[in-house]
Amino acid sequence: MGSRAVTLADVARRAGVSTSTVSRALNGTAPLSPATVARVRRAVDALGYSPHRSARHLAGGRTGAIAVVVPDLTNPFFATIARGAQHRAHENGELTVIADAEDSPSAELELIARLVPDVDGVVLCSPTAPTARLVAALGSRPAVLVNRPIRGRASVVADQRAAVRLARDHLRGLGHERIAYVRGPAGKWTSSARDAQAGRLGLDLVGPVAPTFGGGARAASALPRGTTAVIAHNDLVAVGLVDALTSSGRRVPEDVSVVGCDDVELASLVRPALTTVRMPLEQLGRRAVDRLAEQISGSGPVGSAPTAADPVLAVTLTVRGSTAPYAAGRT
């Protein structure tokens, strides 16, 4: 066909059918014989025809795209969730628009307002905007929230309480009694859920701190006297904590054991490699897109009160080199 773009008419001529038949075969809008559909598909493959996305979805009022809004794309936690969502959307034939709210609730709401008219639905990762404003911004548009359950909206969450419990049980099993928990940033559902569980388990609470390397470094000087083990809000905080402890002359894990949370790629690259609770990050993104697809197709409700049907994904402990049995006299 040279450099000219392949058209629907080219496919029709190649397959020996009308252009309307080609359209029906590609969109599945009318019954056709298997032989006719196969002939059209062969012509499409032979010519390399790619229908314009907006035209393909025009009849159904769909754009063929979804948006994924994250609070901080530089944080590997959110980047991994977004990657899982994008992979699943690609498998479904959808484009993915990924937007970074830069940890700003107002920017988050602005992004939603700008994106909602131009996509079929939205996945919101750990949104921080006030509930009433968030619900109003979404309106009746299909949406799924990751790690923030809101009544009237579908959500997918990981088991935050189990994450803290697994870390505490691991450290107790190693003989540690004075265990501190470094809290994450206020105002996030994930932080609130983990903080509350840490309090219920009787851990010494430190912070809140920023969910960053620097936040962990600052937490090191605030640990209660006699602490022999620490659970950090996330892996970035844990890595910063280990660095600060080491710089101050306290060895990890010989003097202080440290457990992170999330199991981002960095956790296995630092030394000592980080013991951490693995969150199913890619699965969170994939499951969110699955739930969104149900709403877009009409097979799932756009809004419903959270029930047992809202997925709560399991977490697991990954033991590496940053934890060791308690040794009396080394603190």
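Trainee: What share of contacts between residues at least 6 apart in sequence join residues at least 24 apart?
Mentor: That share is 67% in this protein. A contact here means heavy atoms within 4.5 Å. Keep in mind that this is a predicted model, where local features need pLDDT of at least 70, side-chain atom pairs count only at pLDDT 80 or more, and totals for chains, interfaces and linings use all residues. Residues are numbered from 1 along each chain as its sequence is written, and side-chain values use heavy atoms, with hydrogens and water left out.

Trainee: How many helices and strands are there?
Mentor: The protein has 12 helices and 12 strands.

Trainee: Why is His-233 called buried?
Mentor: Buried means under 20% relative accessible area, while exposed is over 50% and partly exposed lies in between (1.4 Å probe, protein chains only). His-233 has a relative accessible area of 7%, so it counts as buried. This residue is in the loop between strand E8 (229–232) and helix H11 (235–247). Leaving out residues up to four places away in sequence, its contacts include Tyr-181, Arg-194 and Cys-261. Across the protein, buried residues make up 49% of the 331 residues.

Trainee: What makes H6 and H7 roughly parallel?
Mentor: Helix H6 (residues 105–115) packs against helix H7 (residues 131–138) at an angle of about 15 degrees, with the axes 9 Å apart. Axes are lines fitted to C-alpha atoms, for helices over the stretch in contact, and angles run from 0 to 180 degrees between N-to-C directions. Angles under 35 degrees count as roughly parallel, over 145 as roughly antiparallel, 65 to 115 as roughly perpendicular and the rest as oblique. H6 and H7 are therefore roughly parallel. Glu-108, Leu-109 and Ile-112 of H6 meet Arg-133, Leu-134, Ala-137 and Leu-138 of H7. By class, that contact has 5 nonpolar, no polar and 2 charged residues. Ala, Val, Leu, Ile, Met, Phe, Trp, Tyr, Cys and Pro count as nonpolar, Asp, Glu, Lys and Arg as charged, and the others, Gly among them, as polar.

Trainee: Why is H5 called oblique to H12?
Mentor: Helix H5 (residues 76–91) and helix H12 (residues 281–297) pack at about 45 degrees, with their axes 7 Å apart. That angle makes H5 oblique to H12. Among the residues in this contact are Phe-77 and Ile-81 of H5, and Leu-284 and Val-289 of H12. The contact divides into 7 nonpolar, 4 polar and 6 charged residues.

Trainee: Why do E2 and E11 count as edge strands?
Mentor: Start with the open sheet, where 6 strands come in the order E2-E1-E3-E4-E5-E11 with parallel pairing. Strand E2 (95–100) and strand E11 (312–313) each have a single partner strand, so one side of each is left without a neighbour in the sheet.

Trainee: How do you know that E3 and E4 pair?
Mentor: Two strands pair if DSSP finds at least two bridges between them. Strand E3 (residues 122–125) and strand E4 (residues 143–146) are joined by 4 bridges, so they meet that definition. In one of the bridges, Cys-125 is partnered by Val-146 of E4.

Trainee: Which strands does H5 lie across?
Mentor: H5 lies across strand E1 (65–70), E2, E3 and E4, running at about 170 degrees to E1.

How values were computed
Helix = DSSP H or I, 4+ residues; strand = E, 2+ residues; numbered from the N terminus.
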